[in-house]
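Visitor: I am new here. Could you show me around?
Guide: Gladly; here it is.

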Amino acid sequence: MKGSLLGVLRNLCFAMQVLIVFLLVMERQVELPAWIAPIGRMHPLILHLPIGLLFALGLLAVIRAPSTNGANKSIESYLLHVTAALAAVTALVGFFLAVQGDYDADAVRWHKWTGVGVSLFSYFLLIVHNENWQRSFYHGLLAVTTALLIYAGHLGGELTHGENFVFGSSTEEEVLVINEFTPLYEALVKPILKKKCFSCHNERKSKGDLVMIDQERFKKGGENGPSFIPYQPDQSQIVQRIDLPLEEEEHMPPRSKTQLNDREKEIISRWVASGAHFDLALKDYPREDPNTHWLAGQYQNLEAPSVKYTFEFADQDVVRSLNTPFRSVRQLDLNSPALDATIFVRANYEPSFLTELDVVKNQLISLNLTNLPITDDELSSIAKFKQLEKLILNGTDINGEGLQYLGECTALKSLGLSSTDVTFDQIKSLLEATNLRTISLWNTPLTKDEFTALNLSHPEVDINVGDLPSTTDSIALAPPSLANKRLIMGQGEQLRIKEMFDGVITRYTLDGSDPDSSSQIYQAPIAVSGLTNFKAKAYKGGWLDSPISNFTILQSGLRADTVFLLSAPNPKYRASGAYSLVDLEKGGPREFRSPYWLGFREHP
């Protein structure tokens with residue numbers, strides 16, 4: 001019974017080797033049925049079995065005594081038969097996955113051939129062992145097979161997880177330093193895409209022909225058109241796909257992958273809504289954009305690279321005693337001695353709230369005194385905080401005469417003086433006496449020419465002056481968008497536009513012509529009938545006109561209560577089956593993979 005079972009398994013291994021080689025030779029002519037695709041996607045699951053068994057064979061070869069042992073030989077024989085069979089199945093299933101086209105052909109080629117090599121060598125190991133060839137030849141072949149397995153695994157890891165996944169070093173990864181000059185995309189959006197999307201949309205593996213790691217190719221999109229439309233998240237595929245229900249086939253990331261949380265979804269949506277810029281830092285975004293305000297909160301909450309401080313920890317009982325209803329003192333990190341202090345409520349402020357911080361003067365690195373009645377004389381108390389790196393005096397009562405004291409704060413890097421009465425000469429002297437890197441001066445008496453002079457004399461300092469009034473700079477309005485959920489409207493349903501903000505005028509046409517400043521103004525929901533080509537454009541004084549929105553509106557008529565298909569749709573474009581023909585949902589012209597498209601290809 002044992003011999004017949006192993007004989008059948010051996011013959012099965014041979015048959016699969018022949019099939020694998022035949023499929024590789026005829027690869028260009030191979031067209032797999034749709035039901036094979038899920039089997040191909042099991043390749044990453046199955047491949048771990050032959051890997052473990054091959055290493056078990058190697059361990060057995062090392063510990064086995066030179067003399068032939070019947071029990072050892074029997075165990076080895078069973079392991080070899082099972083390993084050869086599983087290696088063949090893994091190679092066959094991997095071939096099914098490779099021909100689905102989700103991976104770059106050049107990148108997958110060597111992994112495919114090395115995987116088939118592991119299968120063939122595993123079968124040769126079985127033959128060598130079964131024919132009782134010299135033990136040294138068996139050991140050499142086993143070593144070659146194991147080395148080939150490791151290299152195939154390295155190539156597979158690169159396909160799935162990125163270049164140099166197995167042999168690379170994590171210390172080589174670039175550490176992004178977040179500051180006010182960092183592009184918002186690099187700080188907020190790219191880390192999400194890198195963690196949740198890049199593994200399937202890179203130069204080696206580009207599902208749907210979409211490569212996201214390259215900005216230009218990311219903008220271009222994949223086989224279904226552009227990945228996003230700036231300022232229009234509702235019309236952008238990347239937003240649509242992450243918002244689809246998890247059970248939908250087109251939902252991204254796939255159900256088997258780690259999903260985006262609500263914050264990550266909103267970051268991507270608002271990034272698109274604010275223009276989908278790749279190189280624009282947060283400080284350069286238009287401040288009127290509500291999306292920028294929300295993104296600013298996320299941006300400012302990012303953790304900067306940790307700094308190791310050498311000074312001693314403050315006594316925890318002392319830190320706790322400093323916390324009152326009007327003052328907060330906290331440790332920035334459990335493993336760091338650095339402290340942050342904030343004093344609040346202007347009406348209840350007392351000078352002692354500041355002087356009492358002397359007990360932690362060697363640990364205090366951040367102090368927030370926003371909108372307090374702080375005077376210039378009290379800046380001498382702040383000069384005692386030698387470790388202070390960040391000081392916020394926005395909205396205080398200082399007039400700048402006491403800024404000279406801050407020259408003693410040699411560690412000071414960031415200073416907020418917005419909404420104070422400081423002067424140009426005082427700021428110039430301060431910048432020369434300190435090592436400041438950022439200073440906030442909006443809503444101060446300084447003129448535009450003085451700001452320019454400061455920038456020229458201290459280019460190493462980021463001087464934040466807010467938005468200075470300008471008669472030449474304008475910001476483009478976002479294009480109008482529809483409030484209607486569907487582009488196929490029911491009887492009596494009216495076309496509605498989403499409200500933007502006060503003062504915006506939306507002009508529109510219904511005949512397909514482009515709207516201009518003389519077109520009809522949108523004031524109330526619009527009644528439409530039949531096929532309507534709705535175009536709209538937004539206007540506001542002091543702003544650039546928006547791009548034109550273009551929507552093709554259909555009106556539903558009689559609706560069938562029963563519908564069925566005479567032939568099955570293409571598996572990639574099955575939508576909701578026959579119901580898709582009467583669900584009143586309309587797909588965009590480039591959204592062929594959306595859940596609203598029913599498609600037939602090859603078979604009418």
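Visitor: What hand does the crossing of α8 and α11 have?
Guide: α8 passes α11 in a left-handed crossing, a term for a near helix turned anticlockwise from the far one by less than a right angle (right-handed if clockwise). This is a predicted model, where local features need pLDDT of at least 70, side-chain atom pairs count only at pLDDT 80 or more, and totals for chains, interfaces and linings use all residues. Residues are numbered from 1 along each chain as its sequence is written, and side-chain values use heavy atoms, leaving out hydrogens and water.

Visitor: Why is α8 called oblique to α11?
Guide: The axes of α8 (residues 184-196) and α11 (residues 262-273) come within 10 Å and cross at roughly 130°. That makes α8 oblique to α11, because angles under 35 degrees count as roughly parallel, over 145 as roughly antiparallel, 65 to 115 as roughly perpendicular and the rest as oblique.

Visitor: How do you know that Gln-17 is buried?
Guide: Gln-17, in helix α1 (residues 2-25), has 5% relative accessibility, so Gln-17 counts as buried (buried is under 20% relative accessible area, exposed over 50%, partly exposed in between, with a 1.4 Å probe and protein chains only). Leaving aside neighbours within four places in sequence, Gln-17 is in contact (heavy atoms within 4.5 Å) with residues including Ala-84 and Tyr-123.

Visitor: What makes strand β3 largely enclosed?
Guide: Four of the five residues of β3 (residues 364-368) are buried, so β3 is largely enclosed by the rest of the structure.

Visitor: How do you know that β2 and β3 pair?
Guide: Strands pair if DSSP finds at least two bridges between them; four bridges join β2 (residues 339-343) to β3, and the two run parallel.

Note on methods
Axes are lines fitted to C-alpha atoms, for helices over the stretch in contact, and angles run from 0 to 180 degrees between N-to-C directions.
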